[in-house]
Amino acid sequence: MSRFVTKTIHAYLDYPVALGLIAMPFILGLGTVNPIAFQLSVATGVAALLLTLLTDHHLGVIKVLSYQLHLTVDFLVGLVFIAAPFIFGFAGLEAAYYWVIGATVLVVVGLHKPEDA
């Protein structure tokens, strides 16, 4: 498998992803069936923004967290997002949202260049 997601590429993805996790529940109307579907995404987006600001990469502002820790947290978020529909009973758009985001995060982490970690 060709791993092409560098630390630089990952850093550039972090801010729009964090903002997307905050904005998309509003845009898609998540939470009308299950409020946790809204809250989990927004809370994760805020946490992802803080994680990015604190990560030791070129777009980090206060570089106190290792990049490897950042990747580990991303991986765990991907797993939680895949599991969330089963744990919280999300269905329809809410389930699809979490499965797509979770799978995408896992793919990005999986395509990361190991020598760049």
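Modeller: One term before the contacts: contact means heavy atoms within 4.5 Å. And keep in mind that this is a predicted model.

Biologist: Is L21 buried or exposed?

Modeller: Buried. L21 has a relative accessible area of 6%, and the cut-off for buried is under 20%.

Biologist: How far is L21 from A103 in space?

Modeller: They are 14 Å apart, C-alpha to C-alpha. In sequence, L21 and A103 are 82 residues apart.

Biologist: Staying in helix 1, what about L28? Which residues is L28 in contact with, leaving aside its neighbours within four places in sequence?

Modeller: L28 is in contact with L93 and Y97. The C-alpha atoms of L28 and L93 are 8.4 Å apart, although 65 residues separate the two in sequence. L28 is in helix 1 and counts as partly exposed, at 33% relative accessibility.

Biologist: And I27, buried or exposed?

Modeller: Exposed, at 61% relative accessibility. I27 also lies in helix 1. Its C-alpha is separated from that of V109 by 26 Å.

Biologist: How many residues has helix 4, and how far does it reach?

Modeller: Helix 4 covers residues 92-110, which is 19 residues. From its first C-alpha to its last it reaches 27 Å, close to the 27 Å expected at 1.5 Å a residue.

Biologist: New topic. Which residues make the nonpolar surface patch?

Modeller: I36, F86, I87, F88 and W99. The patch is about 510 Å².

Biologist: Which helix gives the most to it?

Modeller: Helix 3, with three residues. F86 lies in that helix. F86 is exposed, at 63% relative accessible area.

Biologist: Now the histidine. Where is H57, and is it buried or exposed?

Modeller: H57 is in the loop between helix 2 and helix 3. It counts as buried, at 2% relative accessibility.

Biologist: A buried loop residue, then. What is H57 in contact with, leaving aside its neighbours within four places in sequence?

Modeller: K7, A11, D14, T52, K63 and Y67.

Biologist: K63 there. Which other contacts does L54 have, again leaving aside neighbours within four places in sequence?

Modeller: L54 is in contact with I62, K63, V64 and L65. So K63 is listed for H57 and for L54. L54 lies in helix 2. At 28% relative accessibility it counts as partly exposed.

Biologist: And how far is L54 from H70?

Modeller: Their C-alpha atoms are separated by 9.2 Å. Along the chain, L54 and H70 are 16 residues apart.

Biologist: Good, that covers my list.

Terms used. Residues are numbered from 1 along each chain as its sequence is written. This is a predicted model: local features need pLDDT of at least 70, side-chain atom pairs count only at pLDDT 80 or more; totals for chains, interfaces and linings use all residues. Side-chain values use heavy atoms; hydrogens and water are left out. Helices (H or I, at least four residues) and strands (E, at least two) are DSSP runs, numbered from the N terminus. The expected span of a helix is 1.5 Å times one less than its number of residues. Patches are made of residues with over 30% relative accessible area and no salt bridge: like charges are joined within 9 Å, nonpolar side chains (Val, Leu, Ile, Met, Phe, Trp, Tyr) within 5 Å. Accessible areas come from the Shrake-Rupley method with a 1.4 Å probe; for residues, only the protein chains shown count as cover. A salt bridge is a side-chain nitrogen of Lys or Arg within 4 Å of a carboxyl oxygen of Asp or Glu. Buried means under 20% relative accessible area, exposed over 50%, partly exposed in between (1.4 Å probe, protein chains only).
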